[in-house]
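The structure is shown first, and the numbered points follow.

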Amino acid sequence: MTNSSTTSIRKGEEPHSPVSPMTVLVVGATGSIGYLVVEEAIRQACTVRALVRNPGKACELPPEAQVVVGDVTRPETLSDAVNGIDAIVFTLGSDGAGKVGAENVDYGGVRNVLRALGKRTARIALMTAIGVTNRTGTYNRSTEAHDWKRRSERLVRVSGLPYTIVRPGWFDYNRPDQHRLTLLQGDTHQAGDASDGVVARRQIAEVLVHSLISNRATRKTFELIAATGPAPKDFDQLFAPLEADPPGALDGVHDTPNMPVNDEPQRVRDDLNAIGAHRFSAAP
Ligand SMILES: NC(=O)c1ccc[n+]([C@@H]2O[C@H](COP(=O)([O-])OP(=O)(O)OC[C@H]3O[C@@H](n4cnc5c(N)ncnc54)[C@H](OP(=O)(O)O)[C@@H]3O)[C@@H](O)[C@H]2O)c1
């Protein structure tokens with residue numbers, strides 16, 4: 001699965017350090033983005049571990065992927081998945097499962113995997129969605145999916161782990177000539193339709209995987225859309241101009257502060273406390 005242009009993603013910061021390939025756990029590996037993340041990580045010479053809740057779907061994955069059976073809503077099934085990993089890419093989705101699915105999968109899945117990781121460290125790439133800070137639109141009012149995905153972002157930020165949070169625009173609504181990636185911050189595109197921005201699924205997967213090794217992507221939150229033009233070649237250059245989230249912040253840099261932690265459900269505050277105790281005291 002490698003070719004001459006492939007850069008092998010390795011553990012450690014030094015590009016030429018003699019270390020083994022990074023082991024990447026993909027949570028949501030059988031999904032429309034997760035499958036492409038598995039392919040891209042293999043292409044980048046990572047060892048890929050795919051978390052699969054339905055073993056029948058494992059045969060759809062590339063044979064190079066290590067399959068681990070587990071369900072993010074059942075914490076007791078997650079310990080094998082996180083053993084010996086260097087990075088996690090979350091591409092979970094509970095579409096169609098309403099508020100319960102949003103809380104238990106999109107949010108609870110991230111919480112349970114972080115809990116399973118315990119005190120071990122791992123680089124995190126979390127996919128949420130453009131418009132995730134829009135609380136008043138019809139979609140969020142009926143599903144609370146934005147709120148729960150945003151809370152999953154907060155868990156990642158308080159975890160103290162190195163992370164990148166990617167909020168993609170509308171999947172595969174791009175025209176064939178729209179591959180110039182544009183990274184935005186502040187989550188101001190909130191129409192709730194493709195006018196917010198579009199991006200190819202494969203490019204979302206590329207950005208998620210490349211964020212794992214670029215120091216320029218660390219502690220950054222951004223919306224990801226594509227404009228007319230060619231795909232980027234240098235991901236460091238793409239990530240570099242972005243602002244990092246302020247240390248200890250719950251939200252992305254420039255996000256609208258419309259989810260005060262004191263108004264959050266007690267169970268969410270308890271999770272924040274448990275996952276990032278010392279940072280929580282500095283929260284707004
Ligand atoms: N569509 C868009 O334009 C757009 C834009 C931005 C963001 N988004 C967000 O992207 C997400 C959808 O991404 P996608 O298309 O990749 O989703 P998808 O194809 O529905 O995949 C979701 C993945 O999550 C897994 N999953 C669900 N519940 C699980 C559980 N309890 N334990 C373990 N794994 C579980 C699924 O496993 P199974 O295969 O077993 O079901 C699947 O692998 C949505 O949440 C949406 O909000 C979408």
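1. Basis of the note. The model is predicted, with local features requiring pLDDT of at least 70 and side-chain atom pairs counting only at pLDDT 80 or more, whereas totals for chains, interfaces and linings use all residues. Residues are numbered from 1 along each chain as its sequence is written, and side-chain values use heavy atoms, with hydrogens and water left out.

2. Shell of the ligand. The ligand is surrounded by 24 residues, the closest being Thr30, Ser32, Lys57, Lys149 and Phe171 (a residue is near a molecule if one of its heavy atoms lies within 4 Å of it). The shell comprises 10 nonpolar, 8 polar and 6 charged residues; here Ala, Val, Leu, Ile, Met, Phe, Trp, Tyr, Cys and Pro count as nonpolar, Asp, Glu, Lys and Arg as charged, and the others, Gly among them, as polar. Helix 3 (98-117) and strand 7 (170-171) each contribute at least two shell residues, where helices (H or I, at least four residues) and strands (E, at least two) are DSSP runs numbered from the N terminus.

3. Atom pairs at the ligand. Two ligand oxygen distances may be noted: 2.6 Å to a polar side-chain atom of Ser32, and 2.9 Å to a backbone N or O atom of Ile33. A polar side-chain atom of Asp71 lies 2.8 Å from a ligand nitrogen atom. Of the 950 Å² of accessible area that the ligand has on its own, the protein covers 83% (Shrake-Rupley method, 1.4 Å probe).

4. The largest pocket. Which space does the ligand take? It is the largest pocket, with more than half of the ligand's atoms within 2 Å of its grid points. A pocket is an open set of points on a 1 Å grid over the protein atoms alone, with protein on both sides within 12 Å along at least five of seven lines; a cavity is a set where a 1.4 Å probe fits but cannot get out, and lining residues have an atom within 4 Å of a point. The pocket holds about 1100 Å³ of space, a volume being the space filled by probe spheres set on the points. Its lining has 45 residues, with Leu92, Gly93, Ser94, Asp95 and Lys149 nearest the centre. Helix 4 (138-143) gives the largest share, 3 residues.

Technical notes: A polar contact is a pair of N or O atoms within 3.5 Å; within protein, one must be able to donate a hydrogen and the other to accept it, and residues adjacent in sequence count only if both atoms are side-chain atoms.
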